[in-house]
Amino acid sequence: MAAGTGARLGVSRARFIVLEGVEGAGKTTQIRLLSAWLDALGVEYVTAREPGGTEIGEAIRGLLLAHREEGVPDETELLLMLAARAAFVRRVVRPALEAGRVVLADRFDLSTFAYQGYGRGLDLEAVARMNAFATGGLRPDAVLVLDLPASAGAARQADQGSEADRIENEGTGFLERVRQGYRELVAGRVDAHLIDALDTPEGVQRRLRELLSGLFPETFAVREGS
C-alpha cells in the first residue's frame, strides 16, 4: 500500500475509487498517473491492490496467482478472493476513508463478479451474497472499468515481456468472457463507468480526470496547472 501526501481532507471528501479491467488494460499505469494528479491537487490518498494490500491479502495473492500442478477449484478461488477482500476492507479501505483520504484501488468486487462469475461460471447471486458478507456492505464511490479486448491486452503484455500468472494463463477465451462480464455489469450499476482503454495512456488519463472531476468536484477540484 502506498500513501500520497497533501493537504488533509475532511471526512466528507473521502472517496473510494476503483479501477477495473482485464489484464493489459493499463490499470497500473493509470493509477500511477492519477496518483501524480492527486499529489498536484494536494489530496491525501492511499493506493492499494486487490487481492493484496495487507499481509494476509498478499499471501493469498501469491496462492491465487502461482502456477501449480494441482488446479485451484473455482469455489476455492472465490473464497480466497473474498477472504483477502475482508481484510482489505477492514484494514485498508475503512481506516483510510475514516481518516478522510481518497482510496485508489486496483480491483475490488466487480472483479469477482467478472472473473469468478462470468469467467468461471459461478452463480452470480451466490457470489453477491458472499461478497456482501466479505465487504460488510461497503461499495466504491466510483468504479472505472478500462475496456479492452482480451487479445489486445494479451498483446500488450507480450510486448512488455510480462510473464503470465495462473489466471492470465487461462487464455483469451476466458478473458474475453471476463471482458463481456464487465460490460454487462457496468450496464447494471450506477457507480460504474466504461472507459475505452484502446486510447493512448494520456487519452485514458484525461478521460478519468474529467470523469472524477465531474462526479466529485468537492474532492477532485481541477486547479490551474494540474
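A salt bridge is a side-chain nitrogen of Lys or Arg within 4 Å of a carboxyl oxygen of Asp or Glu. Asp74, Glu77, Arg120, Arg166 and Glu170 are joined by such bridges into a network. The model is predicted, so local features need pLDDT of at least 70, side-chain atom pairs count only at pLDDT 80 or more, and totals for chains, interfaces and linings use all residues. Residues are numbered from 1 along each chain as its sequence is written, and side-chain values use heavy atoms, with hydrogens and water left out.

By the salt-bridge rule, the count is 18. One of the bridges pairs aspartate 141 with arginine 15, at 3.7 Å from N to O. Both partners sit in loops: aspartate 141 between helix H5 (124-135) and strand E5 (142-147), arginine 15 between strand E1 (2-4) and strand E2 (16-21). They are 126 residues apart. Helices (H or I, at least four residues) and strands (E, at least two) are DSSP runs, numbered from the N terminus. Aspartate 141 is partly exposed because its relative accessibility is 31%. Arginine 15, at 15%, is buried.

A second bridge joins aspartate 106 and lysine 27 at 3.4 Å, N to O. Aspartate 106 belongs to strand E4 (residues 102-106) and lysine 27 to helix H1 (residues 27-41), so the bridge ties together parts 79 residues apart in sequence. Both aspartate 106 and lysine 27 are buried.

Arginine 101 and glutamate 44 form another salt bridge, at 3.2 Å from N to O. Arginine 101 lies in the loop between helix H3 (74-98) and E4, and glutamate 44 in the loop between H1 and strand E3 (45-49). The separation is 57 residues. Arginine 101 is partly exposed at 23% relative accessibility. Glutamate 44 is buried at 10%.

H1 also packs against another helix. The axes of H1 and helix H8 (residues 201-215) come within 10 Å and cross at roughly 55°. Axes are lines fitted to C-alpha atoms, for helices over the stretch in contact, and angles run from 0 to 180 degrees between N-to-C directions. H1 and H8 are therefore oblique to each other; angles under 35 degrees count as roughly parallel, over 145 as roughly antiparallel, 65 to 115 as roughly perpendicular and the rest as oblique. In contact (heavy atoms within 4.5 Å), H1 residues including Leu33, Leu34 and Trp37 meet H8 residues including Val204, Leu208 and Leu212.

Notes:
Buried means under 20% relative accessible area, exposed over 50%, partly exposed in between (1.4 Å probe, protein chains only).
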